[in-house]
Amino acid sequence: MTGTVHIVGAGLAGLSTALHALKLGHGVRVYEGAPQAGGRCRTYFDSRLGRNIDNGNHLVLTGNRSVAEYLELAGAPGALVAAAAADFPFVDIESGERWRVRINDGPIPWWALDHARRPKGVRLTDMLRAGGILLAGPHDTIASYCTRNPVMRERFWEPMAMAVINLPPEEASARLMRATALEAWRDGRLARPMFAPRGLGPALIDPALKALEEAGCPVEYGRLLRRVEKEAGRATRLVFARGEPVQIAQEDAVVLALPAHRLAAIMPESGAPTETSPILNAHFLIDDPALLEGAPPILGVTRAVTQWIFIKGDIVSLTISAADHVDGSDAEEEALLRRLWDETRRALALPEAATYLSARLVREKRATFRQTPQNVARRPRQETSLRNLALAGDFVDTGLPATIEGAVRSGERAARLVC
């Protein structure tokens with residue numbers, strides 16, 4: 001192919017496709033229906049908090065090779081800052097117990113043998129059984145690898161399943177967790193969390209937009225795709241809600257990097273998954289930022305509505321994955337905020353009088369596709385029946401969960417397919 005790659009969607013998958021297509025020497029045009037890029041990974045100013053916040057708390061690890069290459073192509077290799085070690089602190093809200101999961105550097109995961117490095121109360125036999133997930137079959141759920149020890153479920157598998165797969169262990173695909181373990185969790189050098197000091201938008205979206213501007217192909221906003229016209233086994237025209245249709249020349253290609261529900265409406269034959277799992281995020285503006293000095297940038301929470309706490313300056317952000325499975329997450333906003341703040345105060349060991357100036361709840365109903373074994377088996381391939389059209393997005397069949405790394409990897413593969 002020597003023509004232009006027409007990319008519909010300027011989320012991470014679409015931006016990744018564009019950067020890789022440019023690398024391969026092709027021209028690109030990127031169309032986005034919204035007035036801004038980034039999709040579910042963006043930073044915006046919240047008037048209630050008076051701060052820039054991320055629309056979700058996404059975790060990137062040092063082993064996410066596709067994200068690293070994406071940032072290189074965007075000219076921002078240092079946009080994410082890695083933690084010094086793969087060290088994840090946790091607290092049990094009910095008992096007050098605290099522990100740290102510390103993954104050692106090197107290819108032999110001996111950390112699982114050290115009781116001081118694994119969750120408190122988890123036995124060696126529990127960890128040995130957990131290793132069986134490396135042999136997970138396509139029909140297995142993560143619950144298949146839980147032992148009878150309830151602590152193992154509460155303090156190891158449930159936090160991992162909810163964070164990575166956005167489902168509880170009984171529903172979450174073990175095959176997807178296996179992929180994560182092989183790519184990142186097997187070596188502490190690959191499992192260190194990466195932080196975006198100024199937010200996910202400035203780290204992951206803005207550099208890509210700048211690179212596209214400099215290449216002479218800025219994103220075209222307000223271009224909501226209505227349909228793809230086709231003839232003789234190829235896409236021939238893109239029809240948008242506004243503006244002139246775009247003719248697809250013989251030497252051109254198309255990549256649809258749309259959310260799954262939008263793709264399902266435009267190309268029902270794609271088989272894009274329509275079952276979704278929600279995520280709830282809460283953001284608190286602290287009245288006294290000095291109280292957060294010494295607090296870890298990320299803290300796991302068990303036996304609570306809250307699952308993960310992220311410290312970002314004077315903002316404390318919480319994440320509740322698979323919120324439709326978490327008792328209490330559907331409470332009325334003020335009551336839920338009070339409960340979440342109480343859990344946060346206890347988790348961070350703040351004084352009882354500590355409070356917040358303002359707060360924001362953000363419910364993302366379509367955070368990910370529902371990553372059960374059955375739905376994973378139905379993920380659409382990136383190739384389509386149209387020889388010049390491919391798909392990208394965290395829901396396509398990359399073999400990875402619906403994460404930032406999965407979205408970026410899909411764009412990398414889509415560019416190779418059509419170029």
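Predicted model: local features only at pLDDT ≥ 70, side-chain atom pairs only at ≥ 80, totals over all residues.
Residues are numbered from 1 along each chain as its sequence is written, and side-chain values use heavy atoms, without hydrogens and water.

Strands (E, at least two residues) are DSSP runs, numbered from the N terminus, and two of them pair if DSSP finds at least two bridges between them. In this pair, L299 stands opposite I309 in β17. The hairpin of β16 and β17 has 5 residues between the strands, and R303 takes a positive phi near 55° there.

β16 also pairs with strand β7 (residues 86-92), through 3 bridges in a parallel arrangement. Here D92 stands opposite T302 in β16.

Buried means under 20% relative accessible area, with a 1.4 Å probe and protein chains only. I298, G300 and T302 lie on one side and L299 and V301 on the other.

Now to the nonpolar cores. Each is a set of buried Ala, Val, Leu, Ile, Met, Phe, Trp, Tyr and Cys residues joined through side-chain atoms within 4.5 Å. The largest has 62 residues, and W157 is among those with the most contacts inside it. Leaving aside neighbours within four places in sequence, W157 is in contact (heavy atoms within 4.5 Å) with residues including A130, I142 and M177. A second, separate core of 43 residues includes A13 and L200.

Methods:
Buried < 20%, exposed > 50% of the residue type's maximum accessible area, 1.4 Å probe, protein only. Helix = DSSP H or I, 4+ residues; strand = E, 2+ residues; numbered from the N terminus.
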